[in-house]
Amino acid sequence: MRGNSVRRLLVFTICCVGIVSSPASTHGQAHASLQSLTPLKSQLPFQSPSRPQAPTRGTPSTPSTNARTSRTDARRWLPTPTLVHTIVGPDGDELLTPSSIVALNNGQLALFDFGAMELRAFATDGRQLWRTGRKGSGPGEFRNAMDLKVLPNGELQVLDMGSRRVTTVSSTGKLVRTIPVRFSSSRFIPLADTTLVGLTADDSGAFWSAVNRRGDVVQRGVAPPSIANHSSLTKEMFTTRLGAGAAVAFRWSDKIAILNASGGVARILDGVEPLPFPAIKSYPMKVGKFTGQVSRIDPKAVPGALSIASSGQQIFVLFAGATANRGHIIDVYDARTGGYVGSQLLPNAAQELVVLADGSLATLRAEPIPSVDVWKVPSAKVGTHPANRASRSALQKSVAKAREQ
């Protein structure tokens, strides 16, 4: 459907019986779905993955089934970002459980505080500008916010699966409209002022579903085989706008999907650290008179992306991996060519990142207290900062020092 008369929402959905109760549950925890419950005499067999498992490439100290551990020698280290400011909220009204962060078009930032069930906007110097929302099911209220995004026109949108809707507010926090969502979803992307798009991560083969303002699905996109041929449990995603399209990173893989303005997959990028989608383990489960199989991601699987952001020219992926540098590494890619630019090592571990209007980075962290760090990023050209033992050692020491404080 074309034209400005229809607003579409492309939603990445996870259609399984397992329930994600909050954004916090999607960070670093095992994912499970009850495949089926059948009468006791008819137990379901284990369903093997659709593709063979990749060979184990972990180190003896940290075994893994889907990738080797963080390989610092494969990375080219860029200059370390400089911490400019840390935002914790006003005295007596500090952040509780910030779960999503976005850059506003005016250079400010906004986040969703899951602990208070509200949207809060801040200037980069830490001043709180406005707040809206509370726990509930009424207009402008939230129950289980899963994702937060900004439209090109400055409006903010919250995907709330507790109320099964997308709530739109203005750049000043005023309620604008709500869009019903009639299927399970965890991520979405606004591709244009008139196109709200969300992705699908179920086993149907669909990669995304576009819905209009009434919540009707008007279009679906198909995932390429490199993504579709894996269990929905392994396809948890993170999204960011990229020009007129979007970029999608995966928690359990190094892959980065680049979408064009119509939602089509333009290309798939390989991350600097190879991380194949992991295997799925199946376990018997009995509930009363019923028995069945519960499926989980291999407990030895190594996570990949924690978050993804874009400046338009570059793509930034916050990397997890299997080492103590989880959440410290930001891998940078050229948005035009898809080439690897280099990596940055943050002294503070982060759980999400975003690129602000002036090119600085903002990262969300939970420890030692919930806060937002604003970083100035030194300019660097591709290939001007190759990896070397001295710079790598200095960066790792800075991480260790920050942890001791």
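Biologist: With which residues is D331 in contact, leaving aside its neighbours within four places in sequence?

Modeller: Contact means heavy atoms within 4.5 Å. On that criterion, and with neighbours within four places in sequence left aside, D331 is in contact with R75, V272, I315, F316, V317, F319, Y340, G342 and S343. This is a predicted model, in which local features need pLDDT of at least 70 and side-chain atom pairs count only at pLDDT 80 or more, while totals for chains, interfaces and linings use all residues. Residues are numbered from 1 along each chain as its sequence is written, and side-chain values use heavy atoms, with hydrogens and water left out.

Biologist: Which side chain does the side chain of D331 join in a polar contact?

Modeller: A polar contact is a pair of N or O atoms within 3.5 Å; within protein, one must be able to donate a hydrogen and the other to accept it, and residues adjacent in sequence count only if both atoms are side-chain atoms. Here the side chains of D331 and R75 are joined by a polar contact of 2.8 Å.

Biologist: Where does D331 lie, and is D331 buried or exposed?

Modeller: Strands (E, at least two residues) and helices (H or I, at least four) are DSSP runs, numbered from the N terminus. D331 belongs to strand β24, residues 329-334. Buried means under 20% relative accessible area, exposed over 50%, and partly exposed in between, with a 1.4 Å probe and protein chains only. D331 has 2% relative accessibility and therefore counts as buried.

Biologist: How many helices and strands does the protein chain have?

Modeller: The chain has 2 helices and 28 strands. Of its 405 residues, 53% count as buried. Among contacts between residues at least 6 apart in sequence, 56% join residues at least 24 apart.

Biologist: In what order do the strands of the open sheet with β8 run?

Modeller: Strands of a sheet pair through backbone hydrogen bonds, either parallel or antiparallel. Two strands are taken as paired if DSSP finds at least two bridges between them. In this model, 4 strands form an open sheet in the order β8-β9-β10-β11, with antiparallel pairing. β8 (145-150) and β11 (175-180) each have a single partner strand and stand at the edges, so one side of each is left without a neighbour in the sheet. Antiparallel β10 and β11 are joined by 5 bridges; V169 has L175 in β11 as its bridge partner.

Biologist: Which residues have a positive phi without being glycine?

Modeller: M117 is one of them, with a phi of about 55°, and R164 is another, at about 50°. M117 is in the loop between β5 (109-113) and β6 (118-122), and counts as buried because its relative accessibility is 5%. R164 is in the loop between β9 (156-160) and β10 (165-169), and at 38% relative accessibility counts as partly exposed.

Biologist: Which residues does a cis peptide bond join?

Modeller: The bond joins E367 and P368, with omega about 0°. P368 is in the loop between β27 (361-365) and β28 (371-376).

Biologist: How many aromatic pairs does the structure hold?

Modeller: Rings of Phe, Tyr and Trp (its six-membered ring) pair if their centres lie within 6.5 Å; planes under 30 degrees apart count as stacked, over 60 as edge-to-face and the rest as tilted. The structure holds 3 such pairs. In one of them, F250 and F277 have ring centres 5.6 Å apart and planes at 80°, so the pair is edge-to-face. Both residues are buried.
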